[in-house]
Amino acid sequence: MSWACILLPRLALDGVLRRHPHPERPLVLVTGPAQKRVLAAVNPAAERVGLRAGQALAAAHALVSEFATVEYDVDEVTRWRDFLAAWAYRYSSQVTTAFEDAIVLEIGASLRLFGPWPRFERQLHEDLDALGFSHRIALAPNPRAAWVLAGMHDGLALAQPSTLATALNRVPVSQARLDAKTARALHAMGLRRLGQLFVAPRASLAQRFGMGLLQHLDRMRGDAPDPFDLYRPPDRFDLRLELPYDIEHSQALLFPMRRAIADLGAFLAGRDGGVQRFVLHLEHEGHPNTEIAVGMLSAEREPSLLFDLARGRLEQARIPAPVRGLRLVAEELPPFVPAGRELFDERSSQSMPWSTLRERLRARLGDDAVYALAPADDHRPEQAWRRTSLPVATKSPVEAAPRPTWLLQRPIPLRDGGSRIVAGPERVESGWWDGGDVRRDYYVLETGSGQRAWAYRGVGEIDTPFMLHGWFA
Amino acid sequence: MRNSIGDHSPPPQPSPAARGREHAPDYAELHCLSDFSFGRGASNAAELFERAQRQGYTALAITDECSLAGIVRGLEASRATGLRMIVGSEVTLDADGDSPLKLVLLVETREGYSNLCKLITRGRRRSSKGEYRLTREDLVDGLPGLLALWIPDARMSRQDGAWLKRHFDGRLWLAVELHRGPDDARRLQELEALAASLGIPAVASGDVHMHARSRRALQDTMTAIRHRTTIASAGKRLFPNGERHLRTRRALSAIHPRHLLDETLRIAERCRFSLDTDLGYEYPHELVPDGHTPQSWLRELVERGVRERWPEGESMEARELIEKELALIHRKQYEPYFLTVHDIVRHAKSLDILCQGRGSAANSVVCYTLGVTSIDPARMGLLFERFLSDERNEPPDIDIDFEHERREEIIQYIYERYGRDRAAIAATVIRYRTRSAVRDVGRVLGLPEDQLAQLSRSTSAWSTDTPTSERLREYGFDPDSPLIRRLVMLVGELLGKPRHLSQHVGGFVISEHPLHTLVPVENAAMDERTIIQWDKDDLDTMKLLKVDVLALGMLTCVRKALDLVRRHRGRDYTMATLPPEDPATYRMIQRGEVIGVFQIESRAQMAMLPRLKPECFYDLVIEVAIVRPGPIQGGMIHPYLRRRQGLEPVDYPSDALREVLKRTLGVPLFQEQVMRIAMVAADYSPGDADRLRRDMAAWKRRGGLESHRDKLFAGMRKNGYDEAFAERIFEQIKGFGDYGFPESHAASFALVTYASSWIKCHEPAAFSCALLNSLPMGFYLPPQLVADARRHGIEVRPVDVRYSDWDCTLEAGTEDAGEGGEPPLALRLGMRLINGLQQKVAERISAARASGAFLELDDLVARADLDRGSVDRLAEAGALRGLAGHRHRARWQSAATEKQLPLFAAANAVDARSASEPRIAIPPPSASEDTRADYASIGLTLGAHPVGLIRRALQQRRYRSARELAQWPDKRNARYAGLVILRQRPQTASGVTFMTLEDETGMVNVVVWAQVAERQRRVFLESQLLAVEGRMESAEGSQHLIATRLEDLSSLLGGVATVSRDFR
């Protein structure tokens, strides 16, 4: 067997740079708790101006006035690694992500298809370059050796066990993928190359460093089996439909879309789950894809509902060019909780649950068109309420001050000569921090026609007209 | 955002607008928080009193929440404005089953004051620092002497009112606090009805949180800070408006019926207690044995001291001074204070803890005879001014320094001796500085963490100014954006505001009667520490005496050095009996060989020594005082130096000032001299001079020197002094600011300087050893101290488990004694230098060794019961060299010492500890590897100096050594490279940084000007091994390399981890 190791020394950074508008400017990944931020990785431009991985962010700021910072995201790294494993999967059925910073794949069985090795290797390089991931590749008779050697330099290909032994002898302990503590200890003992370890008494090594070290060395030389999990493609729904001809109207898309959604429904039913969000990709010729995301507040799986929602979104979408293909991707697949049904369901077939109605309205009118009101914590009447997407369970209102049920959109002069002051002034002076400072004396007034009005004057004003701000019911 | 001060809206009912202020009814504010209600009050006492006085209030109560920390400031403001202060406190009782209850307690009588102190103490002592907890239970004795204002919450509970009435019958009011709420008219009606139904009077009060409405933004900001939220999301926790300020009487009368305002006057009339009256503070009495009075007992102790200090009889002069001082002490009744200080010092001596007093009263003959100080005023040729004066009503001031490692023993002794009731530490008011203000304001304005960090970088840590536009722009903020403008404005207002109380470094207040009858006591952050709510300025104002129990590292070092001299030389010295005025010691000081010596080892000091050439004790006193920000800013150093060197004639502005200035060649250097000048030249009274001293210390915080300027100039002009002299004196007064150095302190410090110099000169090995065992302290780290010792010919031996203890020790040297001299001692480094090794491990090794030398590594491990981590650290330090060979082999062996786990049974087939373990080829470390390991483990090397190892590479780059530079011609360009061991930027030196660089041949002083540092900021800040191109400048024996270009050569070191001391 032959194993190729693709080492990905800057996976996190490459993942970020792929989508960054200015990858050529200094950029660093930052990690660590708020008080002790450190640079996790730096791009070449940042390195040129003197930034280094491991530096404190504060120190970096002291050194360089301008650079972009992006949060280091472990999950993102995992995603990119899985993405690359999926890519590698097309070249081999034995792919593993078990080795840190690396994708390792068995290539012996694939050589007939992609080989010989130098060509196969070139293919891998080309793919990875195109994808934008810096990497090194090494080949060895066992995966662990390939992993260690890839760390040494790019392009090593040792097919024979004998040449492998020679190469491993020369590997510095600091680069032998030992745990950091062991590597430091060995260095402090003057044991600097693997060759020295290979000839050292095994019992002495085991006593000092445990069996783990011997195991690592044995597996590296292929003297012991190296069990690890192989990569498996993930659970997600991704369906692409090539259309027989270019479609220009959304109406005509409904048919293929219904089919795709039906397949999704079947898939969901098969795994007994629901979908929270899915994306329709409309593929155009010579034009970037149009993406239409369909999100729901709770997981659903009923195809007719999903179709209704998707249709609503599709009708709103602008389609810039004829559609060549259609792809449906669903990744948020949470468990499905069906709505409670009574044994004798009394609802007529026309009625639908409130939440379903809400979803349909949102789908038809847009997310922003449907909202609820909630109180907000602010002394200024204009700021004392806010919009929310979901009705909020309000706490018992501790509102001591009387507030009108109808607040005018904006205050207007009160045109009523015969008003009588019922209560006030209540002074509101607040909001200096966002530039919306108000200083008003509010009064409850009874107008000549007997209505209760809420109106104010600016603090210190005497003869100015009242500004009407609301009506009491 | 700013509002006009004191505006008000028209009353709801039309009223004659012409009604003038003079017709407004009188009013006394009874509920007012100052900024000592942390996070609530937005104005300080001075602002509150000034405004209240301008509004024509009759009296003002300061009622901080469960605290009297602000009342002394209140008292001062009250004196300044002539407006009467009522002492009080707002407390909220914990719900505790019932509902919470909010009260304002006002002091009616002295007894009431005591009861309030007691109540606050009780509430504070049972909670953690900064909090309090009081319940109804605490009020059941009715708190005699206190009046209570009840501030009902929204429930207006009749029950609560009835409960309060039971306990405060005849002393309870219902407070009506109206702040333009939704319906004040109705609220007023309901409150009055409640009061009537309870049969108690109602009274108006203001719940004042700021002096003027314009503080509204700051008050909101403080509220958000207190709730740890942003202002935008603080919502209803902010006050709805700015009404909680000292409103005009006209505004108040528009809201309140007349009788509610009149009631405030009746209450104010009842609260006649004033802090101005004597609180009855007394010093502890118990130090006087039966049959003695304090006077006779102090006399007795002084006479005993006289016999000890002058076995062959005191001089006439000394006797005369003693009698004069004793008489004065008696007139002031300060005997108990001196007896207390004596008792503390006596106790320290019985524990063999070295201590020394300083301060104006410490340098008296009485203190010399009592053993408080070792300065013999007669012997040192010092004639102290009268240390206390009749007219100057200033309490005696004695600070006592103790060995830093053992001060805690003294603190515990004081607590034990007087009890926690009667002894407590003074508070220190921690105030907002730029950085903390920027952080807190930025946070509540909603800036994210990383921008906050960036913002605080734009300010220096200890600055007390608002950040400048240039700095803000430099750090990427737009100073003109509304957010940053708001931030700068609020930071400006928050600066200097108290944040919390902390403990003073060592100021103890001790009292005959329980302290909580005088001032509330609360918990400090440290367990088992209690502080009073007043700081040292407050104590001064209130005339409470304090003893400063301070920690001084050099005393530890001197005591340890004298112990070593006793053990190895058999000579028994104390600080007082070291040979005085030793010429060899002064010669050493003049050469500037003072690394490690107390107070004169800083770069600036060291550079001054060869020019100042101190040759007697008083010269040291001047040296200690002169190289400080005060005299430097006042421009006093160079005139003094020129006169001392005879380059400029010594003259005096007048004959009268000759007396004041003759010891310092006509140049005022000391705080005392400035005060004397003000008295002699500008006709200040002793009281004025004392005020000047205090204002000098506080002007940066509070301002207030301008009035002195006018007064000084006028006085000096009248007495015929020229403008330039007056200007110089005034500049120096400003310079003295925070750093003013009194001669009395300088003299005490100089004595420690002399003692440490003498020991370094005559017993250098003992000095180095003691210094290493007293670290951390001073300017230098172990590598410089060891290098300095070796340069002076002391043999330094490495850390070795066969010989080393935890501390460094002295051993017999290998060289023979020189002609007639004593045999040299060698310095054995201690295990305390080993990075990460625990003291108890080292002690186990010493103990095991006492029963026989170690045979091999296993023997050591078994007998000293060492864990693997410790063995590793010993191996890494090279301390196992005698047992296990070189470092690599020691590490290999130490790795096998772990207690064996059953899991590894297979590996145990071969017993690795036995000699039968197969040998393995382990290469020895190279010289540079050894150096690197030495630095990593013990921070220094006795082997090759890291720079020595790369000397060839430096030569190729044409860099010289320190030895070559020492012979370098003046004003010539030079190239030098060395390890950076010190970066220092004196506050006064306008951007210049002093660096000390070191190589295998010695040290070089480098001066880096601001523009070079800025241009090469990274190299300047980060280099371990720094190359400098520049010009040599030498002046009177001291040499500097003025840098023009820097280069970072650290990579040449190959990973040696050296450390420098930067910007301490």
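**Interface and side-chain pairs**

Modeller: In this predicted model, 57 residues of chain B are in contact with 52 residues of chain A.

Colleague: Which three residues supply more of the area that chain B buries against chain A than any other three?

Modeller: The area buried between the two chains is about 4,700 Å². Carbon and sulfur atoms give 55% of that area. On the side of chain B, 14% comes from the three residues in question, namely Pro182(B), Lys236(B) and Trp892(B).

Colleague: How many salt bridges does the rule find across the interface of chain B and chain A?

Modeller: One pair to look at is Asp437(A) with Arg216(B), whose side chains meet at 3.1 Å, N to O. A network of salt bridges that share partners also joins residues of chain A, among them Arg427(A) and Asp441(A), to residues of chain B, including Arg213(B) and Glu243(B). Across the interface of chain B and chain A, the number of salt bridges found is four.

Colleague: Within chain A, how many residues apart in sequence are the parts that Arg324(A) and Glu285(A) tie together?

Modeller: The side chains of Arg324(A) and Glu285(A) meet in a salt bridge of 2.5 Å, N to O. Arg324(A) belongs to strand β11, whereas Glu285(A) is in the loop between β9 and β10, so the pair ties together parts that are 39 residues apart.

Colleague: Are Arg324(A) and Glu285(A) buried or exposed?

Modeller: The relative accessible area of Arg324(A) is 34%, so this residue falls between the limits of 20% and 50% and is partly exposed. Glu285(A) has 54% relative accessibility, which is over 50%, and therefore counts as exposed.

Colleague: What geometry does the ring pair of Tyr283(B) and Tyr337(B) have?

Modeller: A pair of aromatic rings is described by the distance of the centres and the angle of the planes. For Tyr283(B) and Tyr337(B), the centres are 5.6 Å apart and the planes stand at 80°. That angle is over 60 degrees, so the pair is edge-to-face.

Colleague: Which residue forms an aromatic pair with Tyr337(B) at 5.9 Å centre to centre?

Modeller: Tyr337(B) is in helix α11 and pairs with Tyr283(B), 54 residues apart, in the loop between α8 and α9. Both of these tyrosines are buried. The pair at 5.9 Å has 90° between the planes and is edge-to-face, and the partner of Tyr337(B) in it is Phe338(B).

Colleague: Over which ring does the charged end of Lys711(B) sit?

Modeller: Arg709(B) lies over the face of Phe713(B), at 4.6 Å from the ring centre. For Lys711(B), the charged end is 4.6 Å from the centre of a ring, which is that of Tyr684(B).

How values were computed
Residues are numbered from 1 along each chain as its sequence is written. Chains are lettered from A and ligands numbered from 1 in the order in which they are written. This is a predicted model: local features need pLDDT of at least 70, side-chain atom pairs count only at pLDDT 80 or more; totals for chains, interfaces and linings use all residues. Side-chain values use heavy atoms; hydrogens and water are left out. Rings of Phe, Tyr and Trp (its six-membered ring) pair if their centres lie within 6.5 Å; planes under 30 degrees apart count as stacked, over 60 as edge-to-face and the rest as tilted. Helices (H or I, at least four residues) and strands (E, at least two) are DSSP runs, numbered from the N terminus. Buried means under 20% relative accessible area, exposed over 50%, partly exposed in between (1.4 Å probe, protein chains only). A charge sits over a ring if NZ of Lys or CZ of Arg is within 6 Å of the ring centre and within 35 degrees of the ring normal. Contact means heavy atoms within 4.5 Å. Buried area is the accessible area (1.4 Å probe) that two parts lose on being put together, summed over both.
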